[in-house]
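The paragraphs below go through selected pairs.

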Amino acid sequence: MTKNTIKINNIPALLWGEKSNKLFIAVHGNLSHKEDTVIELLANEAIKKGYQVLSFDLPEHGDRKGEETPCKVQHCVHDLIEIGKYAEEHWDQVSLFACSMGAYFSLLTYRDTGLKTALFLSPVVDMERIIRNMMMWFQVTPERLEKENTIDTPVGQKLYWDYFCYVLDHPVDRWDVDTRILYGAKDNLVEVDTISNFIEKSPCTLEIMDEGEHYFHTVDQLKVFSQWLEKKY
């Protein structure tokens with residue numbers, strides 16, 4: 001498989017496949033990177049069908065570990081905008097694959113960009129719910145978060161006041177892109193009712209893997225993911 005390393009406005013990126021007029025932008029999830037297994041599986045399937053895949057590292061991930069820019073929503077949206085501009089300039093048809101929090105950033109960024117289709121794996125569709133859950137788990141009040149600005153949690157994730165405010169100020173209230181979702185019934189991060197609420201308002205189809213988790217990583221989970229890719233576009 002052809003893979004070319006490029007930089008898009010200093011964002012480390014990877015272009016998979018031979019030249020084509022069709023592209024999938026691939027947005028990875030938390031603690032992942034542009035060469036994640038699910039992105040490679042996507043590329044394998046997409047290339048067979050005449051697509052290229054453009055993946056990239058979000059702040060604090062992959063080749064951007066150690067950078068000063070934190071992985072906050074406002075910085076990630078900025079990067080997705082830059083990637084989207086590049087895609088529009090170089091390809092006639094652009095689709096989207098996004099995983100976990102990458103789906104949330106995509107929902108904020110790409111809803112008015114004329115995407116042909118979208119594929120979501122374990123998508124975060126209600127970031128406010130996740131942040132409030134974390135605040136509840138670790139007894140963090142909004143008042144404390146506002147006062148301290150940044151709070152480390154025992155699970156290695158940070159809570160940020162400006163991140164929380166951005167989420168509140170930018171609700172995901174519309175998504176008109178034809179979208180397919182693969183979700184694990186054992187997802188312990190994204191609650192199924194948030195997925196159901198999202199689907200009710202958006203043109204989506206949902207497939208649930210009974211033994212799927214938020215992070216698809218086992219042989220069986222990746223097999224189901226590959227089969228889903230094969231039949232969903």
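Lysine 231 has a relative accessible area of 55%, and because exposed means over 50%, lysine 231 counts as exposed in this predicted model. Its salt-bridge partner is glutamate 207, with 3.4 Å between N and O. Glutamate 207 has a relative accessible area of 22%. Since buried requires a value under 20%, glutamate 207 is classed as partly exposed. The two residues belong to distant parts of the chain, 24 residues apart: glutamate 207 lies in strand S10 (residues 204-209), and lysine 231 lies in helix H8 (residues 219-232).

Another salt bridge joins the side chains of arginine 180 and aspartate 178, at 2.7 Å from N to O. Aspartate 178 is partly exposed, because its relative accessibility is 36%.

What is the burial state of the pair arginine 64 and aspartate 79, buried or exposed? Both arginine 64 and aspartate 79 are buried. Their side chains form a salt bridge with an N to O distance of 2.6 Å.

With a cut-off of within 4 Å between a side-chain nitrogen of Lys or Arg and a carboxyl oxygen of Asp or Glu, the count for the model is 20 salt bridges.

Conventions:
Residues numbered from 1 in each chain as written. Predicted model: local features only at pLDDT ≥ 70, side-chain atom pairs only at ≥ 80, totals over all residues. Heavy atoms only, no water. Buried < 20%, exposed > 50% of the residue type's maximum accessible area, 1.4 Å probe, protein only. Helix = DSSP H or I, 4+ residues; strand = E, 2+ residues; numbered from the N terminus.
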